Amino acid sequence: MHEHRPRTPEAERSRRWFMNKALLAGGVAAMATMTGCSSDSADTASSASSDSAAGGMPSGGPGGGGGGGMGPGASQVKYADVKGVTTDGTVVEDLYAIHSTDVSTDALVKAAQTFLDGLSTKERTSCVFDIDADEWTAWSNVDGYDRKGVRMGDLTEKQRNLGYALLGKALSADGITQTRGIMKLNAFLGDSNGGNQKTLTEGHYFFTFMGTPSTTQPWGFQYEGHHVAINYFVLGDQVVMTPTFMGSEPTTGTYKGEKITLFRPETTAGLAMIRSLTTDRRAKAVSSQSNGNEDMKAGAGQDNLKLAYEGLKGSELTSAQQEKLLDLVGVYVGYINEGHAEVKMAEVKKHLDDTYFYWMGETEDDSAFYYRVHSPVVLIEYDAQAPLFYKGDSSATPSASASSSSDAGGPGGGMGMGGGTPSQEHIHTIIRTPNGGDYGIDLLKLHLEQDH
């Protein structure tokens, strides 16, 4: 048993978070009081959050809870207390079962073990936890969150490559491209705002492992940092990759000569779905012609969220519209290894008639909107938010400084605190497995019941 003490946001809030609170209380003027910067030197991960606090940029965004990040005011649910997302607090039983998927996890297990073997004893001790550790639920979207585990920026190039090799086995080609793109645009945002913020780099992403990689026993890993949190549970040849949060600000940019564009499939598939509806069906799906800022419900810290079904039910769709809905779900599910994506999609199809599609906002190509796909076995949210620091034009060039992007009138105005205009240049997404499926919790319970 490892001796890691469970953490809570209350115990580990960084000084950066309290700066965010000051921003919420004092508004943009508070920016003027925050000066100084930190380096991206290879110091310990435990100091990362406090170092970044001096950078003058609030952790993005300041809102906690459902908006995506576990920021001020959000509470971590202890692993033992996780019930999962439900519609009314009651878990739908018998949705998940231990079975063979015939999709081998051998290469994944080998890649995970190779990565761990490449770490020093101290590094390995810092990132390995028990299978039922509270570390599972301690993820956050906030850049300055005080994370456990091994930080990619503190590893050698060889060690980092082994980490990327693990992600390459766990994710699909699209999944690894998306994840790496998020990391690069995180660095792009940091560079465009003056640099020297340790949290806004490619290296400020962390691996933790729960259990020991095995082809028979339960284990998993978590890979997280600003705008990405991947929770990956493995039991034999079954895999659960939820909750997985992905986001970016900006969503387009050129980093080290590479043009990066993110979330186009999520955007276009959502638009294709809403546009496929007739007027009467669209009236059931759309609750409002305008979306707010930070409409996401199921972000970090929302592991026991109660969320009623809303929108248009799958049973009311034509077969062509159902295919559009499946195409949309497939974008998110498709970030996992291809074989396991097929397994998950088969699960989704079983509940297609009881899958709801919900929409807020306009439906033009460049509209900022929110949508949700919700069934007993999948919950997906897409949320276009107000940029915190990005204030660009069609060339997707962020502002030269954080202060300039908080000027009133531009898309960056309001700093994500209600005064800005939602834009496709700041997008948050999440996929969850409701009714106890997140983190593979239901599968783990079944495994323990059968083996003990």
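This is a predicted model: local features need pLDDT of at least 70, side-chain atom pairs count only at pLDDT 80 or more; totals for chains, interfaces and linings use all residues.
Strands β12 and β13 run antiparallel and are joined by 6 bridges; two strands pair if DSSP finds at least two bridges between them. Helices (H or I, at least four residues) and strands (E, at least two) are DSSP runs, numbered from the N terminus. On β14 (residues 379-384), which pairs with β13 in the antiparallel sense over 5 bridges, Glu-381 stands opposite Arg-372. A hairpin is formed by β13 and β14, with 4 residues between them.

## Basis of the values

Residues are numbered from 1 along each chain as its sequence is written.

Helix α10 (residues 319-333) has 15 residues and reaches 20 Å from its first C-alpha to its last, close to the 21 Å expected at 1.5 Å a residue; the expected span is 1.5 Å times one less than the number of residues. Its buried residues include Leu-325, Leu-328, Val-329 and Tyr-332. Two of these, Leu-328 and Tyr-332, touch Tyr-371, a contact being heavy atoms within 4.5 Å. Tyr-371 also touches Phe-357, Trp-359 and Ile-380, among others, not counting residues up to four places away in sequence.

## Aromatic pairs

A search of the whole structure finds 19 aromatic pairs. Rings of Phe, Tyr and Trp (its six-membered ring) pair if their centres lie within 6.5 Å; planes under 30 degrees apart count as stacked, over 60 as edge-to-face and the rest as tilted. Phe-115 and Phe-207 form a tilted pair, at 4.9 Å centre to centre and 50° between the planes. Phe-115 lies in helix α4 and Phe-207 in strand β3 (residues 205-210), so the pair ties together parts that are 92 residues apart in sequence. Phe-115 is buried at 1% relative accessibility, and Phe-207 is buried at 0%.

Trp-136 and Tyr-439 form a further tilted pair, at 6.0 Å centre to centre and 55° between the planes. This pair links distant parts of the chain, 303 residues apart: Trp-136 lies in the loop between β1 (128-129) and β2 (150-151), and Tyr-439 in the loop between β15 (427-432) and α12 (441-451). Trp-136 is buried at 0%, as is Tyr-439 at 1%. Ring pairs also link Phe-115, Tyr-205, Phe-207, Phe-209, Phe-221, Tyr-223 and Tyr-232 into a cluster.

Tyr-96 is placed in the loop between α3 (48-52) and α4 (106-117), and counts as buried at 12% relative accessibility. A polar atom of the Tyr-96 side chain lies 2.5 Å from the backbone oxygen of Pro-434. Tyr-96 and Asn-435 are 339 residues apart in sequence, yet 9.3 Å apart in space, C-alpha to C-alpha. Residues touched by Tyr-96 include Pro-376, Val-377, Asn-435 and Leu-443.

His-351 is found in the loop between α11 (338-350) and β12 (356-361), and counts as buried at 18% relative accessibility. Beyond its neighbours within four places in sequence, His-351 is in contact with Leu-95, Ser-375, Pro-376 and Val-377.

## The chain as a whole

The protein chain has 12 helices and 15 strands. Of its 452 residues, 60% are buried. Among contacts between residues at least 6 apart in sequence, 75% join residues at least 24 apart.

Key
Side-chain values use heavy atoms; hydrogens and water are left out. Buried means under 20% relative accessible area, exposed over 50%, partly exposed in between (1.4 Å probe, protein chains only). A polar contact is a pair of N or O atoms within 3.5 Å; within protein, one must be able to donate a hydrogen and the other to accept it, and residues adjacent in sequence count only if both atoms are side-chain atoms.
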